[in-house]
Amino acid sequence: MASKPNFLIFMVDQLNGTLFPGGMPADFLKVPHLRQLASHSVRFTRNYTASPLCRPDRSSFMSGQLPSRTGVYDNAAEFSSAIPTYAHFLRLAGWQTILSGKMHFVGPDQLHGFEERLTTDIYPADFGWTPDYRQPGQRIDWWYHNLGSVTGAGIAETTNQLEYDDEVAHFACQKLYQLARGREDRPWCLTVSFTHPHDPYVARQKYWDYYADCPALHPDIPALDFDQHDPHSRRLFIANDYQNFDISPSDIARSRRAYFANISYLDEKIGEVLAVLKNTRMEEDTIILFCSDHGDMLGERGLWFKMSFLEGSARTPLLISAADLKSQKIDMAVSNLDILPTLCDLAGLDMTQIQPWTDGESLLPIILSDKQRAPVPMEYAAEGSYAPLVALVEGEMKYIVCALDPDQMFDLAADPYEQVNLADAPRWAETARKMRRKIEEKWSLSAFDDAVRHSQSRRLIVYQALRNGSYFPWDYQPLQQASERYMRNHMDLNILEEQQRFPRGE
């Protein structure tokens, strides 16, 4: 491995970590490239989102900070330009930093440390998706999830999302070729961020056909009656407009089949990028990281999408492949918060300059010496919630607190589907007391709630004002200098053809 390795980071969207038992893709998944990558990676079997929603977790993934620290509470919250990200830290230390794909930055800064961005984003960059705690139960139909993603599941040759991810992979491959034949000596960090397998559950025929006889087309835990769910799950049903949809067993099977098909589609796209990395002879000098922002409940107990601290929504895969890291499985609970300090540690940066800026921990000591990680925190304060929720995962125990609801505590070893709430069980009273005390020491829920409400109110005013009169969008506009591409008359054709050939002289 080079003293300054390259980094290739794959991020996907809404990939359920329980589909990676032991850190390997489930046997029924047709994902040869991910299976090969996992076979020579450090596999974290219990990696958790920082917040089970796209924008909040992606800010946490990039900054190593919880939403309560970044202020990115929901999908329309601005990510401050003053918050350091792994792109800033690596760029400061001499790396080229490039993004192809989705990061759902909200606000006028659409780079956050990346030198170059190859695509626009798939989601809007303004405050239009701001929830409003002053109107609990309000549905904003033009952008909230609804269960039409489930009833409409099926096959299509192309969709909004397929078109986007095709482009993400294309530009990532093109960039790798440019890096391989480039004239810069700097190492690089390329983040390739896809929007699949996020709903809608619609897949191309090729991948759909892979799962005709799939044994996992129905959830392990069937749908519960509305009143059998915990209060937050009931709020999610309302947010997803459940009363206007009748979900049949066929709908469930089609949705899961399309979801699995889109994982296979992603696998093919990732394989295309990995093939270019290998063919350009940069594989040995490149550390590869694979992760997701959050999971998807996929119909377990009747729940869909994310926004929940339950395992299907909160757990995500995490793989790290490096030439000098032994392939192994790590069962300790870790977090997307840990990705920034881990990247910086693998880059050889001074960690005393990194740690004050992050709520995460480098995973390198865990990989090399079985160091124990502190309890893993999670936060949620976006649509479907009426007040912030927080959680800690410590060992096999998960504890969830919301000021509006009874506490929840689950023993994930004995009860992996989280069906038995132990928070008030006499035999577990001491464990519950200790975990509740740790949560009270870490968070002031009333202060958290005040901060979220203040942020929402402010943004709602700003958004409504900016939509009056002439509107200037913040969405990223990818620029290409056409006069510097291919053949132009200020270039020497002989030099150009030599420089653009890879490999040269063979």
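A polar contact here is a pair of N or O atoms within 3.5 Å; within protein, one must be able to donate a hydrogen and the other to accept it, and residues adjacent in sequence count only if both atoms are side-chain atoms. Keep that in mind for the first stop. The model is predicted, so local features need pLDDT of at least 70 and side-chain atom pairs count only at pLDDT 80 or more, while totals for chains, interfaces and linings use all residues. Residues are numbered from 1 along each chain as its sequence is written, and side-chain values use heavy atoms, with hydrogens and water left out.

**Stop 1: R43.** Select R43 in strand β2 (residues 42-48); strands (E, at least two residues) and helices (H or I, at least four) are DSSP runs, numbered from the N terminus. The R43 side chain reaches the backbone oxygen of G22 at 3.3 Å. R43 is buried but has no salt bridge, and D331, the nearest side chain of opposite charge, is 8.2 Å away. Buried means under 20% relative accessible area, exposed over 50%, and partly exposed in between (1.4 Å probe, protein chains only). A salt bridge needs a side-chain nitrogen of Lys or Arg within 4 Å of a carboxyl oxygen of Asp or Glu; for charge, Lys and Arg count as positive and Asp and Glu as negative, with His and the chain ends not counted.

**Stop 2: salt bridges.** The whole structure holds 31 of them. Start with R186 and E115, whose closest N and O atoms are 2.9 Å apart. R186 sits in the loop between α6 (160-180) and β6 (188-197) and E115 in the loop between β3 (96-101) and β4 (116-117), so this pair ties together parts 71 residues apart in sequence.

Next, select E116 and K175, joined by a salt bridge at 2.8 Å, N to O. This pair also links distant parts of the chain, with E116 in strand β4 and K175 in helix α6, 59 residues apart. E116 is partly exposed at 31% relative accessibility, whereas K175 is buried at 10%.

Then move to D121 and R117, which meet in a salt bridge at 2.7 Å, N to O. D121 is buried at 10% relative accessibility, and R117 is buried with a relative accessible area of 3%. Finally, show D13, R58, K102 and D293 together: salt bridges link them in a network.

**Stop 3: helix α11.** Colour residues 339-346; 8 of the 8 are buried, so α11 is largely enclosed by the rest of the structure. After α11 comes G348, with a positive phi near 85°.
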